[in-house]
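Dear colleague,

I am handing over the structure below, and my notes on what was found in it follow directly after. Please read them with the model open beside you.

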Amino acid sequence: MTDIQIAREAKMLPIRNVAENFGIGEDFLEYYGKHKAKLSDDLYKSLKDKPDGKLILVTAINPTPAGEGKTTTTIGLSQALNKLGKKTVAALREPSLGPCFGVKGGAAGGGYSQVVPMEDINLHFTGDFHAITSANNLLSAMIDNHIQQGNELGIDTRRVIWKRCLDMNDRALRNIVIGLGAKADGTPRQDGFMITVASEVMAILCLAEDLKDLRERLGDIIIGYNYDGGKVTAREVKANGSMAVLLKDAIKPNLVQTLENTPALIHGGPFANIAHGCNSVRATKIALKLGEYCVTEAGFGADLGAEKFLDIKCRKAGLAPSAAVIVATVRALKYNGGVEKADLGTENTAAVKKGIVNLLKHIENMQKFGVPVVVALNHFNTDTEAEVAIVRNECARLGADFALSNVWGKGGEGGLELAKLVIAAAESGKAAFKPLYGLDLTLTKKIEKIAKEIYGASGINVLPAAKTELAKITKMGYGDLPICMAKTQYSLSDNPALLGRPEGFEITVREVRLSAGAGFVVVVTGDIMTMPGLPKVPSAEFIDVDENGEISGLF
């Protein structure tokens with residue numbers, strides 16, 4: 001059966017019952033139909049004195065066309081932990097419409113490890129992304145209106161850095177000109193769109209502790225510079241209050257369930273290749289109070305989402321993971337070893353040995369953060385004992401536990417081996433989390449440390465414009481912020497064609513952007529785009545709905 005067929009046959013509990021099973025009273029629920037609810041602001045206040053559960057991070061090797069199954073593993077592991085009597089809550093990101101209608105598909109898991117209602121989650125859900133888009137674009141409208149109405153702040157229209165956003169892949173909007181027409185139609189200037197998941201508003205929503213913190217962070221957004229070279233903020237444009245109003249419900253985490261009725265908090269959705277790649281701090285902190293375990297995921301490979309989860313989110317929120325799970329497949333390792341996608345089902349131990357260097361690098365990276373590692377090998381029928389043995393032995397050599405996982409085909413039952421190893425790792429007392437770098441390093445040194453230690457680069461090549469921006473950001477007093485790297489997800493390098501574990505390469509820093517509200521510096525490398533385009537044959541061509549409202553083609 002397809003994912004959507006499995007999801008439709010699920011026996012969902014009313015969300016009231018899912019909440020009750022984890023001690024959430026009805027007074028803390030704001031219903032969005034029978035199977036979705038937002039958690040009120042008062043819930044965390046009522047739980048704040050409870051001890052935290054253990055935080056488990058699920059990450060992966062660099063993604064390949066063969067697929068790895070990180071979100072599916074996150075959901076399946078949470079179900080397996082509950083089967084073993086460990087009260088567990090999953091904390092995930094919300095899917096973006098761009099990938100759903102583009103090439104990647106949705107982000108609700110797969111097989112018998114899904115969150116439901118799958119179609120709702122993958123589409124408009126509770127409207128959070130629409131609210132973020134509206135808040136972002138309200139600020140854009142107020143900037144241009146301020147310029148039109150006399151420009152009291154002296155905003156230099158050539159140095160407005162705030163962009164509009166849309167939650168869809170649309171390359172034609174990357175670079176646009178606005179304000180054309182008559183004088184009443186605005187001041188002409190160059191502008192552009194980014195996808196909503198790359199907006200600083202998304203990052204702020206995911207990192208804010210509460211509504212007050214959200215409002216302050218929105219005010220700190222730097223929208224551009226005045227004619228004297230000084231920064232201009234959203235607070236000076238008087239936009240942060242009205243932006244916060246648009247986000248007052250969006251900041252509340254969403255509660256849904258897995259196919260096995262495990263509670264899942266799905267909230268926020270920044271991409272990891274162009275943003276910080278983690279679900280909201282609020283959802284994670286609530287999940288840690290509700291259960292003995294919180295299983296969360298960070299986007300793409302460990303070089304992107306996991307590094308940002310540990311160096312940005314955990315550092316800012318005071319979180320410390322007890323264990324990290326790295327997801328891989330034999331098929332993906334063979335792809336990294338040079339095998340064509342059509343031939344991945346054929347045994348090839350030589351390719352596994354060649355491609356496993358990608359997995360080993362990610363294991364080493366997670367160990368640098370002081371986090372015990374468990375490798376979850378998503379099992380396919382075409383995997384042979386000889387291929388699996390190579391992965392098992394290489395993991396043992398680096399001191400990483402290893403488990404075969406079949407959560408796609410068997411749900412929680414297929415993740416019991418993995419769950420037992422995760423419990424052992426989390427309760428071993430071996431976790432000694434520490435960020436990769438200190439904030440006292442210069443911005444350039446932080447970038448260099450990530451490039452050399454996490455990516456394996458020989459060094460960095462900072463282009464002149466980026467070098468100037470780094471100097472300016474430091475002079476403005478933001479040199480102590482962490483780094484959010486924007487890099488291709490397909491390679492440890494900034495070149496998507498370099499698979500495995502490339503060596504002797506430089507990371508090219510093309511552009512640097514200050515996200516003062518979010519509290520980090522975005523470093524754009526290689527050819528990465530903050531507004532993706534649709535593929536030649538987008539998934540949208542196959543998605544449809546019949547006269548009864550039944551959707552087909554969504555996955």
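A salt bridge is here a side-chain nitrogen of Lys or Arg within 4 Å of a carboxyl oxygen of Asp or Glu, and in that sense E30, K248, D249 and K252 are linked in a network of salt bridges. Please bear in mind that this is a predicted model, in which local features need pLDDT of at least 70 and side-chain atom pairs count only at pLDDT 80 or more, while totals for chains, interfaces and linings use all residues. Residues are numbered from 1 along each chain as its sequence is written, and side-chain values use heavy atoms, with hydrogens and water left out.

Salt bridges

Searching the whole structure gives 36 salt bridges. In one of them the side chains of E297 and K70 meet at 3.2 Å, N to O, and this pair links distant parts of the chain, with E297 in strand β16 (residues 293-297) and K70 in helix α4 (residues 70-83), 227 residues apart. (Helices, H or I of at least four residues, and strands, E of at least two, are DSSP runs numbered from the N terminus.) Both E297 and K70 are buried, where buried means under 20% relative accessible area, exposed over 50% and partly exposed in between, with a 1.4 Å probe and protein chains only. Another salt bridge joins the side chains of D156 and R158 at 3.0 Å, N to O; D156 counts as buried because its relative accessibility is 4%, whereas R158, at 71%, counts as exposed.

R189 and its surroundings

R189 lies in strand β10 (residues 189-191) and is buried, its relative accessible area being 6%. D191 forms a salt bridge with R189, with the closest N and O atoms 3.7 Å apart. The side chain of R189 also has a polar contact of 2.8 Å with that of D144; such a contact is a pair of N or O atoms within 3.5 Å, where within protein one must be able to donate a hydrogen and the other to accept it, and residues adjacent in sequence count only if both atoms are side-chain atoms. Leaving out residues up to four places away in sequence, R189 touches D144, T157, V160, R164, I176, V177 and I178, contact meaning heavy atoms within 4.5 Å.

A pocket and a cavity

On a 1 Å grid over the protein atoms alone, a cavity is a set of points where a 1.4 Å probe fits but cannot get out, and a pocket is an open set with protein on both sides within 12 Å along at least five of seven lines; lining residues have an atom within 4 Å of a point. Grid points are joined across faces, edges and corners, and a volume is the space filled by probe spheres set on the points.

The second largest pocket has a volume of about 1100 Å³, and of the 44 residues that line this pocket, I161, K163, M194, E511 and R513 are the closest to its centre. Strand β22 (506-515) is among the elements that give two or more residues to that lining, and β22 supplies the largest share, six residues.

The search of the whole structure also finds one cavity of 30 Å³ or more, and the largest cavity has a volume of about 70 Å³. Its lining holds 13 residues, with P95, L123, H124, F125 and F129 nearest the centre, and helix α7 (residues 128-148) gives the most to that lining, with three residues.

With best wishes
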